[in-house]
Amino acid sequence: MTSSPTSPTVVAWLGYGGLIPFLALAGASWLDPAHSATWVPGLLAYGAVILSFVGALHWAFAMTHPQLQGVPSHPLYLWSVVPSLLGWAALMLVPKAGAILLIAGLLAHYRQDLRLARMIELPVWYLPLRLRLSVVACLCLTVVFFTAG
């Protein structure tokens with residue numbers, strides 16, 4: 001799709017900007033554990049929203065990628081809703097279990113991104129950006145283990 005190893009400026013700004021709530025809520029949870037009952041649910045909710053968002057990327061690829069036109073893409077559609085379901089389930093669990101599920105979901109989705117990259121041509125910047133964003137999100141979610149009761 002694109003041969004530039006650098007993500008488009010708007011993609012970089014939006015992607016890294018999307019880490020701000022993770023960093024802010026993880027930092028608040030760490031620095032203000034007395035109010036973790038406020039910060040931790042916010043962190044988990046944001047993690048669930050982001051997990052749902054990355055799942056939708058596979059739906060978009062299935063609908064629009066030229067290499068998938070005329071190819072059965074129902075596995076991509078099926079996978080694309082799994083992250084939303086994992087995020088929803090994570091919000092119904094106790095915080096530590098919810099964080100584990102969100103981290104597992106983010107890691108599983110990155111694994112699916114790697115599988116997708118073997119099937120179709122993706123922008124060269126996509127996987128490195130997804131990896132960096134996922135690692136930071138997962139690290140922020142681990143704060144739950146130190147701050148949640």
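## Second largest pocket

The lining of the second largest pocket comprises 6 nonpolar, 3 polar and 1 charged residues; Ala, Val, Leu, Ile, Met, Phe, Trp, Tyr, Cys and Pro count as nonpolar, Asp, Glu, Lys and Arg as charged, and the others, Gly among them, as polar. A pocket is an open set of points on a 1 Å grid over the protein atoms alone where a 1.4 Å probe fits, with protein on both sides within 12 Å along at least five of seven lines, and lining residues have an atom within 4 Å of a point. H5 contributes the most to this lining, with 4 residues.

## Basis of the model

The model is predicted: local features need pLDDT of at least 70, side-chain atom pairs count only at pLDDT 80 or more, and totals for chains, interfaces and linings use all residues. Residues are numbered from 1 along each chain as its sequence is written, and side-chain values use heavy atoms, with hydrogens and water left out.

## Largest pocket

The largest pocket is lined by 21 residues, and Gly15, Phe53, Leu57, Arg130 and Leu133 lie nearest its centre. H1, H2, H3 and H6 each give two or more residues to this lining; helices are DSSP runs (H or I, at least four residues), numbered from the N terminus.

## Helix H2

Leu19, Phe22, Leu25, Ala26, Ala28 and Ser29 of H2 are buried, that is, under 20% relative accessible area with a 1.4 Å probe, protein chains only. The cover over the buried residues of H2 includes H1 (9-17), H3 (36-64), H6 (126-142) and H7 (144-147).

Technical notes
Buried < 20%, exposed > 50% of the residue type's maximum accessible area, 1.4 Å probe, protein only. Contact = heavy atoms within 4.5 Å.
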